[in-house]
Amino acid sequence: MRSTFLGKSLSKLYVQVLIAIVLGITLGHFMPDLGAQLKPLGDLFIKLIKMLLAPIIFASIVVGIARMNNVHEAGRVGIKAVLYFEVASTLALAIGLIVVNVFQPGVGMNIDPAHIDGSSVATYAKRAEQQGGAFDFVLNMVPNSVVGAFAAGEMLPIIFFSLLFAIALARAGKQVEPFVDMLDQFLQGMFGVVRIAMYVAPLGAFGGMAFTVGKYGIGTLASFGQLILCLYLTSAVFIVLVLGIVMRTCGLSLFKFMRYIKDELLVTLGTASTEAVLPQMLVKLEMLGIPKPVVGLVLPTGYAFNADGTAIYLTMASIFIAQAMNIDLTLWDQLVLLGVLLFTSKGSAGVAGAGFVALAATLASMHKIPVEGLVLLLGVDRFLNEARAVTNLVGNGVATVVVARWEGAIDMKQARAVLDRGAAFGDGQSGAVPESIAPVARMPN
């Protein structure tokens, strides 16, 4: 009986990933040289998923919007999503700003900017300069080449093209329905590939954690413990209080929702990337009773425009560097910083380390906090990245639920039944969906 229970437990993906994370931390601590060499394992898993992201995002958006058969309906969903994204991101930025001013994790470090070697962050600074301002951000959404955008895996241009193509198909009506059906079948095939790729998720989590601890050491946590603690606690408070209240307003439980996506949370924790679980999140949210059009439009867009965890990180990291260098920022300076972050926090697209580039762009535009101050965070950024990635994942899942509820498009009976049972796509490695779960709700006419 015990062996049967143990076997069932070990067959679950979240158990395997959790074990892999613990083993990775242990190996990285006791055998740091070996652990530091295991980075390719984590990179391999992320590359496996990234090779599928462009076609999955394209097909999800196109099929979802094309089947609405109403361009105005798609526009209404998009506007509601953007409104929620802006409110949530601004709230996350403000909370991070308040916490870092209250606890002041950088005060007392007394770092002299003149003695900092900025060569190790030159790459990030260069990438930040290439991002340009708000106009450049909008301009870069339009790809020079559709094929080039897909080849490079550039999420914002892919989303932009997918939206235009989906609107064109929706306006064409019944004559393109066979093509949309074929694209839907292609999408299901891609999800099948994802199920296969998820077999190596524990290996990716193991390699990612072994590399992080092996290269930077657990001792790094102690050196910057106050900053790490502030970020993790702030992220937890944002999830539990802010997102918890939002979910309760929608009539659902946040804790049950997090249990529902536990596999994705642990994979994100191990790989420090929400990209790795985007395909599974698309399916799980649809199984929750949210129509495919809403899921396909809101979730991928949220990956680019609704990075709550990254927003918290950016405000805390910026002020932390200023505090460490004894740079006095007035209230106006911090409000300006908040305004700049409303732009630079967008477009991180779930990529591990993208928040670091956004931080470099923020400091470069401020001209008051040296970009070289990023050096202070190099050793702990990976640990910080895990907190912001998990927060981003939960935030975008909740955002999809909110927009669906706002539209009156979510099947609440199905959602409660799924969350109460904890039934989910990918609960085991096979990714089987319980037969008792009802078909996904469609958009109301």
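Phenylalanine 58 is buried in this predicted model, and its relative accessible area comes to 13%. That is a handy place to start a tour of the aromatic rings.

The structure contains six aromatic pairs. In one of them, phenylalanine 58 meets phenylalanine 150: the ring planes stand at 80 degrees, which is over 60, so the pair counts as edge-to-face. Because phenylalanine 58 belongs to helix H4 (residues 39-66) and phenylalanine 150 to helix H8 (residues 146-152), this pair ties together parts that lie 92 residues apart in sequence. Phenylalanine 150 is partly exposed, at 25% relative accessibility.

Phenylalanine 58 also pairs with phenylalanine 161, and here the planes are at 10 degrees, which is under 30, so the pair is stacked. Phenylalanine 161 sits in helix H9 (residues 155-172), so its pairing with phenylalanine 58 of helix H4 ties together parts 103 residues apart in sequence. With a relative accessible area of 24%, phenylalanine 161 is partly exposed.

Here are the two pairs side by side:

| Pair | Distance of centres | Angle of planes | Geometry |
|---|---|---|---|
| Phe58 and Phe150 | 5.6 Å | 80 degrees | edge-to-face |
| Phe58 and Phe161 | 6.0 Å | 10 degrees | stacked |

How far does the picture extend? Ring pairs link Phe58, Phe150 and Phe161 with Phe165 and Phe179 into a cluster.

Lysine 39 lies over the face of phenylalanine 211, 5.6 Å from the ring centre. Over the ring of tyrosine 260 sits the charged end of lysine 284, at 5.4 Å from the centre of that ring.

How values were computed: Residues are numbered from 1 along each chain as its sequence is written. This is a predicted model: local features need pLDDT of at least 70, side-chain atom pairs count only at pLDDT 80 or more; totals for chains, interfaces and linings use all residues. Side-chain values use heavy atoms; hydrogens and water are left out. Rings of Phe, Tyr and Trp (its six-membered ring) pair if their centres lie within 6.5 Å; planes under 30 degrees apart count as stacked, over 60 as edge-to-face and the rest as tilted. Helices (H or I, at least four residues) and strands (E, at least two) are DSSP runs, numbered from the N terminus. Buried means under 20% relative accessible area, exposed over 50%, partly exposed in between (1.4 Å probe, protein chains only). A charge sits over a ring if NZ of Lys or CZ of Arg is within 6 Å of the ring centre and within 35 degrees of the ring normal.
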